[in-house]
Amino acid sequence: PMQAAPARGPDLAVVEGDNYEELLEKGLEAMGGIARFVQKGNLVVLKPNFSVPRAPEEACTTSPRLVAALVKKCLEAGAREVRVIDHPFFNGETCLEKTGMRRAVREAGGKVYVLDALNDRYYTRVEIGGQALREVHFSRDVLEADVFINMPILKHHVATKLTMGLKNMMGLVWDRGVFHARGLHRPIAELAAFKKPHLIVMDAVRGITSNGPTGPGPIREFRRLILGTDPVAVDAYGARLFGLDPAEIEHLGLAAGMGLGQMDLSKLHTVNVFL
């Protein structure tokens, strides 16, 4: 049976508009405020998607303005440190530069870097214990964080139709070959079962609708910021917004089947905010 949504906030908050700072402000407010997630002295780790060396306007990466705005919010809430990480497909330094992520995060007072080496600082070996995924080298930052916030972008993906929150978690793993070798979908769902974000903030303001994940591609203005604590629900909403039935995204169905969240949007407490 579905539990009633806690009084402290809804399952999902969807804000419509295109001013990133304002979208985040209103979205966090609707979710019950940043203090629901971040307390004084917390180590906060954010995982946006900056895995391809493209400028923000090419709509292939999470907006650096959005990430910077959340870094500031976390620091204002008393976080002792905010780290922003990803493991890009391409040269990490180029990605940090081209996406504008390095500059935006630093100016906001956060730390930003790429997990581009298999060492004890970045990765630790963990047991996943899944059918497809037995063990992986997973981000040490995320494991040590008091608060972990997933910040995907909604865009097309050639292998999985879409990349959203669940897929974005792959950027926390060193060797992604095993995901591809085992059909992507089941390993993605099993990784989601291993680690759940405290909050997901999905950049669905604009994204490419084909030729993803690397782009360039045709860009669609979705004009939404989607916030939630249920990783399946956030992605289900994203799929609908893109124009797909969530059931068409195989890893979403698998994750829902594993009890990781609710795919049926009618069963969720959603707050819609229009700017």
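Close-up 1. Asparagine 150 has its place in strand 7, residues 147-151; strands (E, at least two residues) and helices (H or I, at least four residues) are DSSP runs, numbered from the N terminus. With a relative accessible area of 1%, asparagine 150 is buried, where buried means under 20% relative accessible area, exposed over 50% and partly exposed in between, for a 1.4 Å probe and protein chains only. Between the side chains of asparagine 150 and asparagine 168 there is a polar contact of 2.7 Å; a polar contact is a pair of N or O atoms within 3.5 Å, in which, within protein, one must be able to donate a hydrogen and the other to accept it, and residues adjacent in sequence count only if both atoms are side-chain atoms.

Close-up 2. On a 1 Å grid over the protein atoms alone, a cavity is a set of points where a 1.4 Å probe fits but cannot get out, a pocket is an open set with protein on both sides within 12 Å along at least five of seven lines, and lining residues have an atom within 4 Å of a point. Grid points are joined across faces, edges and corners, and a volume is the space filled by probe spheres set on the points.

Close-up 3. The volume of the second largest pocket is about 190 Å³. Strand 8 (155-157) and helix 6 (165-168) are the elements that give two or more residues to its lining. Of the 16 residues that line the pocket, Asn49, Ser51, Phe89, Lys167 and Met170 lie nearest its centre, and the whole lining divides into three nonpolar, eight polar and five charged residues.

**Close-up 4. Helix 8 and what covers it.** Helix 8, residues 185-194, is largely enclosed by the rest of the structure, because seven of its ten residues are buried. The buried residues are His185, Pro187, Ile188, Ala189, Glu190, Leu191 and Ala192, and their cover includes strand 6 (135-139), helix 6, helix 7 (177-181) and helix 10 (250-257).

**Close-up 5. Threonine 214 and cysteine 60.** Threonine 214 lies in the loop between strand 10 (199-208) and strand 11 (219-228), and at 29% relative accessibility it counts as partly exposed. Leaving aside neighbours within four places in sequence, threonine 214 is in contact with Val52, Arg54, Cys60, Phe89 and Phe90. The structure holds zero disulfides, a disulfide being a pair of cysteine sulfur atoms within 2.5 Å. Cysteine 60 is in no disulfide, and the nearest cysteine sulfur, that of cysteine 95, is 11 Å away. Cysteine 60 is buried, with a relative accessible area of 0%, and cysteine 74 also counts as buried, at 0% relative accessibility.

**Close-up 6. Glycine 17 in the loop between strand 1 and helix 1.** The loop that holds glycine 17 runs between strand 1 (12-16) and helix 1 (20-30), and glycine 17 counts as buried at 5% relative accessibility. Residues up to four places away in sequence not counted, glycine 17 touches Leu23, Val205, Arg223 and Arg224. Glycine 17 and glutamate 221 are 204 residues apart along the chain, and their C-alpha atoms are separated by 9.9 Å.

**Notes to all views.** Residues are numbered from 1 along each chain as its sequence is written, and side-chain values use heavy atoms, with hydrogens and water left out. For this predicted model, local features need pLDDT of at least 70 and side-chain atom pairs count only at pLDDT 80 or more, whereas totals for chains, interfaces and linings use all residues.

Methods: Ala, Val, Leu, Ile, Met, Phe, Trp, Tyr, Cys and Pro count as nonpolar, Asp, Glu, Lys and Arg as charged, and the others, Gly among them, as polar. Contact means heavy atoms within 4.5 Å.
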